[in-house]
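Please keep the sequence and the three-dimensional view at hand while reading.

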Amino acid sequence: MSNELIAPDEIRDRFSKAMSQMYQQEVPQYGTLLQIVKETNAVYLNQHPSTFSQDVKAAELNRLEVERHGAIRLGTAAELATMKDLFAVMGMSPVGYYDLSAAGVPVHSTAFRPISEDSLRINPFRVFTSLLRMELIENETLREQARQILEQRDIFSPRVRELIAQQQQAGGLTDAETNEFVIEALKTFRWHSEAQVSLATYNALLDHHRLIADVVCFKGPHINHLTPRTLDIDLVQRVMPDYGITPKEVIEGPPRRQVPILLRQTSFKALSEQIRFIDEHSGKHTARFGEIEQRGLALTPKGRALYDQLLLQASASGNKLDNDSHQRHMEAAFADFPDDAEQLRSKELGYFRYHLTPGATIPEHNVSRDNLEDLIHARVVIFEPIIYEDFLPVSAAGIFQSNLGSDKSAVSSGNPNQQAFESALGCKVVNEFSLYAAIQEASLRHIFDD
Ligand code: OOG
Ligand code: NI
């Protein structure tokens with residue numbers, strides 16, 4: 001028995017695979033989705049053999065095979081703080097702050113994910129993690145009731161708490177501890193068909209906002225979807241019905257482009273599942289679904305501002321209901337967003353990773369960043385998009401709405417409150433732009449050795 005410590009990247013890899021297994025058993029359509037993505041990615045790579053350059057191909061293919069994100073919704077600050085410690089065991093840090101109250105959803109969120117390039121390549125597993133904002137529940141009695149119900153539950157097993165503490169003290173977990181950690185941590189994310197409230201309480205919370213019922217009424221924050229990464233989301237959207245899966249009406253996010261940007265997502269609608277309440281009544285709850293996504297270039301703040309502006313204009317000029325017309329509408333709206341890598345780079349709209357052309361060298365007297373543009377022009381230095389690893393709040397809100405029913409939102413659309421979120425979390429969230437800028441900068445430093 002070895003006492004050697006297992007790297008956090010390896011713990012995350014084991015955990016994300018175990019979670020995917022669990023979710024395939026719980027929600028079989030997710031398994032079908034994985035199969036569709038695998039098949040369509042293989043078709044895509046066949047048609048586009050130069051998608052990944054030779055030197056990174058094996059690593060990128062492995063990453064694609066294991067890549068997925070999930071989402072959970074937590075009820076209390078204490079739950080969020082422990083969740084941060086649990087994810088830290090797996091090398092995942094809170095990145096970004098997302099305010100969903102603007103979309104009428106009473107939560108704010110972060111994404112726990114690995115941040116270094118090496119870690120991302122091993123397994124970029126991310127979990128979009130939302131915290132219920134009690135203060136946005138306007139009905140005081142209901143708010144108090146929700147608070148009391150949440151106070152009584154413990155979403156972590158005693159053993160997982162011990163293993164988190166063990167990891168903090170010893171600086172890691174052994175192989176045996178890691179296997180135990182995966183089993184114990186998974187318990188927090190599994191589905192419970194027994195609610196921890198009566199049917200009447202469930203209905204009262206549901207009436208106020210479906211999401212409040214989803215967070216408050218159960219024994220744990222069931223993982224509500226897992227999302228594999230496709231290289232061609234339009235194709236997957238088209239073929240889903242052939243596999244007996246009905247996709248949501250439109251693909252969220254930017255339109256299809258020569259140089260894909262940010263994140264495009266689609267999902268299938270949540271299942272309606274049988275629930276037993278503590279008063280022996282039974283009923284139905286819809287929460288769990290499946291989603292797919294296609295990732296593209298990470299935008300700079302300037303690129304992101306342009307994206308947000310065009311998205312706003314597109315939705316102001318009317319939303320289209322079927323995907324084909326929605327996509328045409330979006331393509332027209334995004335006509336002003338440059339769509340070739342060189343323009344995106346020179347206008348500083350996106351982040352890029354720079355390399356020397358294989359076999360090329362820079363003449364000694366030219367080794368300076370001042371010559372970057374000339375070296376690019378001479379094709380001595382080449383560049384490729386840095387992939388967006390984060391989320392889009394508007395898409396997130398769209399996914400929330402389509403799965404919770406966009407009936408009504410009985411919450412005041414509050415202001416973002418990053419400070420309150422960070423105080424619940426117990427630390428600051430990492431700024432996502434700084435991470436992309438650092439990757440770009442490291443690639444330049446590698447070339448110019450400055
Ligand atoms: C989270 C939705 C956010 C995404 O892909 O944008 C998300 C939720 O429904 O809890 O996962
Ligand atoms: Ni998602």
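## Basis of the description

The structure is a predicted model.

## The shell around ligand 1

Ligand 1 is surrounded by eleven residues, the closest being His-69, Arg-73, Asn-224, His-225 and Gln-265. By type, the shell divides into five nonpolar, four polar and two charged residues.

Several side chains place polar atoms by the oxygen atoms of the ligand. For His-225, a polar side-chain atom lies 2.9 Å from an oxygen atom of ligand 1. The side chain of Asn-224 has an N or O atom 3.1 Å from an oxygen atom of the ligand, and for the side chain of Glu-291 the corresponding distance is 3.2 Å. On its own, ligand 1 has 320 Å² of accessible area, and the protein covers 100% of it. Two elements, strand 2 (68-74) and helix 16 (393-404), each give two or more residues to the shell. Strand 2 gives the most, with three residues.

Helix 9 spans residues 199-208, and its buried residues are Thr-201, Tyr-202, Leu-205, Leu-206 and His-208. These residues line one face of the helix, because they fall within an arc of 160° when seen down the axis of helix 9. In general, an α-helix has 3.6 residues a turn, so residues three or four places apart point the same way.

The buried residues of helix 9 pack against helix 6 (140-152), helix 10 (210-216) and strand 10 (282-286). On the face turned away from the buried side, helix 9 carries the exposed residues Ala-200 and Asp-207.

Terms used:
Residues numbered from 1 in each chain as written. Chains lettered and ligands numbered in written order. Predicted model: local features only at pLDDT ≥ 70, side-chain atom pairs only at ≥ 80, totals over all residues. Heavy atoms only, no water. Near = heavy atom within 4 Å. Polar contact = N/O pair within 3.5 Å; in protein donor to acceptor, adjacent residues only side chain to side chain. Areas by Shrake-Rupley, 256 points an atom, 1.4 Å probe, with all protein chains shown as cover. Helix = DSSP H or I, 4+ residues; strand = E, 2+ residues; numbered from the N terminus. Nonpolar A, V, L, I, M, F, W, Y, C, P; charged D, E, K, R; others polar. Buried < 20%, exposed > 50% of the residue type's maximum accessible area, 1.4 Å probe, protein only. Arc of directions from axis to C-beta. Contact = heavy atoms within 4.5 Å.
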